[in-house]
Amino acid sequence: MNVDILTPSLTESWDQPEAWKLANYEARGGYQAARKALAMAPTDVITLVKDSGLRGRGGAGFPTGVKWSFIPQTNPKPKYLVINCDESEPGTCKDIPMLMATPHTLVEGIIISCFAVNAHNAFIYVRGEVLHVIRRLQQAVAEAYQAGYLGKGILDTGYDLDIVVHAGAGAYICGEETALLDSLEGRRGQPRLRPPFPAVAGLYASPTVVNNAESIASVPSIVANGADWYKSMGTEKSAGPTIYSLSGHITRPGQYEAPLGTTFRTLLDLAGGIRAGHQLKFFTPGGSSTPILTPDHLDVPLDYEGVAAAGSILGTKALQTYDETVSVVRTTLRYTEFYKHESCGKCTPCREGSWWLVQTLRNLEAGRGSEGDVDKLLDVCDNVSMKSFCTLADGFVANITSSIKYFRDEFEAGYHTPAWELFPYEKSIYFPYERETLIVNEVADK
Amino acid sequence: MSQHDEHHFVSAYDDGSRIDATDRQTNISAQTLDEMRQIVARYPEPRSALLPMLHLVQSVDGRISDAGVNACAEILGISTAQVNGVATFYTMYKRRPAGEHHIGVCTTSLCAVMGGDVLLAQMKDKLGIDEDETTPDGKFSLERLECNAACDFAPVMMVNWEFMDAMTPEKANELIDNLAAGKEVRSTRGARLTSWRQAERVLAGFPDGLADEGPTAGPASLEGLRVARERGWQAPKAPTVPQIAEGGSK
């Protein structure tokens, strides 16, 4: 079957007026999939999602249906579904517009997913810094209760389901699933040592599925159209459409939904290429925690296997793109400062390592580095990597080591020359949107 | 900071990191306590309510107040140390009074490079305050943000946690001028701006009725869909089987 280059599925109704409202969602066929699923056996729903090949869209790429099958149904404790909408990985900006535009897609996905794993409580954990997204989610959940999609005996079945929208309070680490669970329990968001995994002892030490918002929002379309329809997009091991987030020095940055395995060359072409008069220097394939790639990787299929073969990670498909005006030392420092700020402090290698790496990188940016600093960075990275409870430290190590791998000369130039002399910072400034925005609407104008 | 004797230990952690227990001012009322109990009732385990309760404290007191900490501890049956431990972990909880309008400028790598650094410097200058400070009239506070999940709209600012997308120095100045003049200002893809305290109340789980304001999506969010529509591209048609399984509909 020939599949189009872009395949809007999750994004299909984003240009419709008031797509966030229940009536409009129902008019597009919304909640039909939930009816269909609740007439199936829960294990058949799990099998369907397994057969679709859906893999986690939050970064790790674990098969969603397999994750659900790990929930021990013999455990007498309540089962929980927790949706990870903490979207905070630098570059990642797909879940936020999705939840603002079509929150009911997620709510319907939750109904189906909870039914599949026999959970009666779900929590939508959203980062707190996105007020309007939280408003839309709160309203969607309230509408769903009123319509009988949530609450007692939903959809005229005997099945009960409650959803709570829970706002975080500003902590990148809460996107890590066990830190998220601690945060949802009203604690500091710090990762837990595994095992036990959340499927066995998650929220309140009960069996818990933690899934990314995009993963669960993909479920209604799989139930409605079937596993084969879903698999008709993407590659053999990376099935389905997904949202690629293009940002940076691009003519038309934005969200592009395409089958997994699409190349960056194709996406960049659709987005009008790098801004006029400039060339691609490097990009992150899946957010700042994934090793950077260069123009040599434009034809890498952006699926789980393809990006791994190129030495990086598909991650969240967040393609942060930088042109030749940008100093890699500067971006590496900024990313590392981010991780230093967001390190929860629980594990010493991460807490201390990020601090020391920032000191060294600041010196290199200012041209005050010392001979051997680049090797020192790599040595610290080696001492930090894979030595913490979670992968936050591995994220900054990936950025630093890959940046040095491709642009070592720029780091060594930091022994004598400030980065801003080599790459005048004003040349990187770019305001791509000159179009009028809605910022100023004076009352008098109305 | 530059004056310290080099033999003295200097902590990387500033003393302002704890809750200010010397400021006794509070507006916590019986109604606040009642709303805290409503939050508790949403969860299977009471302590899960702590984050939204602290958002509520900020909406009432304009900061994490000592009285608010005590109220949370009492209602949840945990120690004030436990509440303080949580309140000081998350960056959205403010230990000193935030402004009526809380201004954020993203300076994580991509936004910084594309203009965020310039915007932050300009905001400091315009407001006459540094990061994590509040203007003397209480109108504005300023924060350097880490990535706010809007990279396709870079450089990004936030006001009261509403998106101010694709900012330029001119737009940023206009934004501040209009807010200072008390004019109505709208988020680029959200509602009309209210106040930081009202935002905090929504985060505590008490809707303000503004969900229907603003567009479905901002322009960058729609770029891919626009290209697809232009070229007639779409996801494959669903197979023509009945949409409702046998017996699935009543």
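Which domains does the domain assignment give for chain B? In this predicted model, the answer opens a short tour of close-up views.

**View 1. The two assigned domains of chain B.** Domain 1 of chain B covers residues 20-87, and domain 2 covers residues 101-194, according to the domain assignment. Taken over C-alpha atoms, the centres of domain 1 and domain 2 of chain B are separated by 28 Å.

View 2. Leu175(B) counts as buried because 22 other C-beta atoms lie within 10 Å, and the cut-off for buried is 20 or more. Gln122(B) is 53 residues away from Leu175(B) in sequence, and the two C-alpha atoms are 12 Å apart in space.

**View 3. Val82(A) in the largest nonpolar core.** This core holds 213 residues, and Val82(A) and Ile83(A) have the most contacts inside it. Leaving aside residues up to four places away in sequence, Val82(A) touches Phe123(A), Tyr125(A), Leu180(A), Leu181(A), Leu184(A), Leu203(A), Thr208(A) and Val210(A). As background, nonpolar side chains tend to be buried together in soluble globular proteins.

**View 4. Where chain A meets chain B.** The contact draws 101 residues from chain A and 87 residues from chain B. On the side of chain A that touches chain B, helix 7 of chain A (residues 131-146) gives the most, with 7 residues. By residue class, that side of chain A is made up of 49 nonpolar, 33 polar and 19 charged residues.

Conventions
Residues are numbered from 1 along each chain as its sequence is written. Chains are lettered from A and ligands numbered from 1 in the order in which they are written. This is a predicted model: local features need pLDDT of at least 70, side-chain atom pairs count only at pLDDT 80 or more; totals for chains, interfaces and linings use all residues. Domain bounds come from an automatic or database domain assignment. A nonpolar core is a set of buried Ala, Val, Leu, Ile, Met, Phe, Trp, Tyr and Cys residues joined through C-beta atoms within 7 Å. A residue is buried if 20 or more other C-beta atoms lie within 10 Å of its own, exposed if 12 or fewer, and partly exposed in between; C-beta atoms are placed from the backbone. Two residues are in contact if their C-beta atoms, placed from the backbone, lie within 7 Å. Helices (H or I, at least four residues) and strands (E, at least two) are DSSP runs, numbered from the N terminus. Ala, Val, Leu, Ile, Met, Phe, Trp, Tyr, Cys and Pro count as nonpolar, Asp, Glu, Lys and Arg as charged, and the others, Gly among them, as polar.
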